[in-house]
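Hi,

Here is the structure I said I'd pass on. Have a look at it first, and my notes follow below.

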Amino acid sequence: MAAPRTLFEKIWDAHVVAAEPDCPAVLYIDLHLVHEMTSPQAFAGLRRRGLKARRPERTVATIDHIIPTIDKARTVSDPAVKDLLSAIEKNCRDFGVALHGIGDEYQGIVHVIGPELGLTQPGMTIVCGDSHTSTHGAFGALAFGIGTSEVEHVLATQCLLQRKPKTFEVRVDGRLRPGVTSKDIILAVIARLGIGGATGHVFEYRGDAVRALSMEERMTMCNMSIEAGARAGMVAPDETTFGWLKGRPFAPGDFSAFRDLKTDDGAVFDRTMTIDADALEPMITYGTNPGMGMGVTGTIPSDTAKQALDYMGLEAGRPLAGHPIDVVFIGSCTNSRITDLRAAASILKGRRVKARVLVVPGSEQVKRQAEREGLDRIFLDAGCEWREPGCSMCIAMNGDELKEGQYCVSTSNRNFEGRQGKGGRTILASPLTAAASAIEGRVTDVRKML
């Protein structure tokens, strides 16, 4: 009788093409996602070597990182940006890769459109030249980011050399209270482990609180697995997964093959941790990496690195709630889906903001859905900016950026120095907390508005 296996081990074993002791395994890749920032050098490498894309139908491209979001014209003035946009169009055309570019009805952030189109499916191996590829693990896939040289390798061979990670169970028991979201779960996990605490491992999120999450919430949680150092994050597929995927353009019609895709009873994880969902409150970050997080009612820890405090202009031992802010950013591959926008709109409806607020949908499909529901009017009436789809202020490579010294409550995934603009100060939070903070013009506990 076969030994019990975890979800990760089942997918890994099914995709190993070749393996030798003490060597990386050759792993087959089911889906390769590319964007304009990490693909030009990879395609150039294929040209130098006279190679074709091995399975072009297994690769899908979009434009998201550097695309302007300010208007439908997507006006680009930077010559370097123009070159990158031209390059991905030519590369996809020359190598037979599908591209959802400017003006395409499915253009959007790569980790939004993959699931949206039904390209992301249970049991798959999925890679992209972007660290937040872990997002797709919410569907019971093994998904992780790769470097540009690896992008070239996957294009050429549809395989990748990988050392087998260890397994890490993150069990979330109990029930989330009003105002607390999956963003708060993952920020709590990262705060406990630190930014390198899960290095060399793949998370599997389990427990009653995880099962109760929507697919969008699971994607948010898996998205930020990388911020704790994990190679990937996963949730076993269930009826919530199948119901969300049903009817999407590339989704399978029959999900019966995936109903037993889960960790076996008796399977052993290399590590495990438990989070009590009942005890969680809305989370915020106070420093310069995602591991510097605390509950919104907490005080900045006394052992916070001086460099981080100096950059953020904050003091240890003091609360962050009530601190004035300049900007709120609602978007990114972490929190730009329709349910994220609905959550923010539920707080903003009938109110006015006291900070600059950018609301950036994750894709053309999300934008159209939001506009059908009238969410855009709620944002505009509240004084927010309603933008075009893209990565926007998450990475500040597209004209959307903070000015030096500005404080921003952001629904994105990273708060490194300069991440949202040189000298910009980022406080990570959920869409609910971001919306509440926008209304008050200061870091706010959303629970008082519910």
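The sulfur of Cys 128 sits 9.6 Å from the closest cysteine sulfur, the one in Cys 333, and that is too far for a bond. Keep in mind that this is a predicted model. Cys 128 is buried, with a relative accessible area of 0%. I searched the whole structure and got 0 disulfides. Cys 92 is in no disulfide either, as the nearest cysteine sulfur, that of Cys 128, is 12 Å away. With a relative accessibility of 3%, Cys 92 also counts as buried.

How big is the volume of the largest pocket? It comes out at about 300 Å³. The lining is made up of 18 residues, and those nearest the centre are Glu 116, Trp 244, Arg 248, Gln 365 and Val 366. As for which elements give two or more residues to that lining, they are helix H4 (110-116), helix H8 (215-223), H11 and helix H12 (364-372). H12 has the largest share, with 4 residues. Sorted by class, the lining of the largest pocket has 9 nonpolar residues, 6 charged ones and 3 polar ones.

H11 spans residues 338-348, and its buried residues are Ile 338, Asp 340, Leu 341, Ala 344, Ala 345, Ile 347 and Leu 348. When you read that list, recall that an α-helix has 3.6 residues a turn, so residues three or four places apart point the same way. Just after H11, Gly 350 takes a positive phi of about 75°.

Last, a sheet to look at. It is an open one of 3 strands, in the order S1-S2-S8, and the pairing is antiparallel. Strands S1 (16-18) and S8 (159-162) stand at the edges with a single partner strand each, so one side of each has no neighbour in the sheet. On average, neighbouring strands here are turned by 40° against each other, ignoring direction. S2 covers residues 25-28 and pairs with S8 in the antiparallel sense over 4 bridges. If you want a spot to check on screen, Val 26 has Leu 161 in S8 as its bridge partner.

That's what I have so far.

Cheers

Key
Residues numbered from 1 in each chain as written. Predicted model: local features only at pLDDT ≥ 70, side-chain atom pairs only at ≥ 80, totals over all residues. Heavy atoms only, no water. Pairing = 2+ DSSP bridges. Axes fitted to C-alpha atoms, helices over the stretch in contact; angles between N-to-C directions. Buried < 20%, exposed > 50% of the residue type's maximum accessible area, 1.4 Å probe, protein only. 1 Å grid on protein atoms, 1.4 Å probe; cavity = no way out; pocket = protein on both sides within 12 Å on 5 of 7 lines; lining within 4 Å. Points joined across faces, edges and corners; volume = space filled by probe spheres on them. Nonpolar A, V, L, I, M, F, W, Y, C, P; charged D, E, K, R; others polar. Disulfide = S-S within 2.5 Å.
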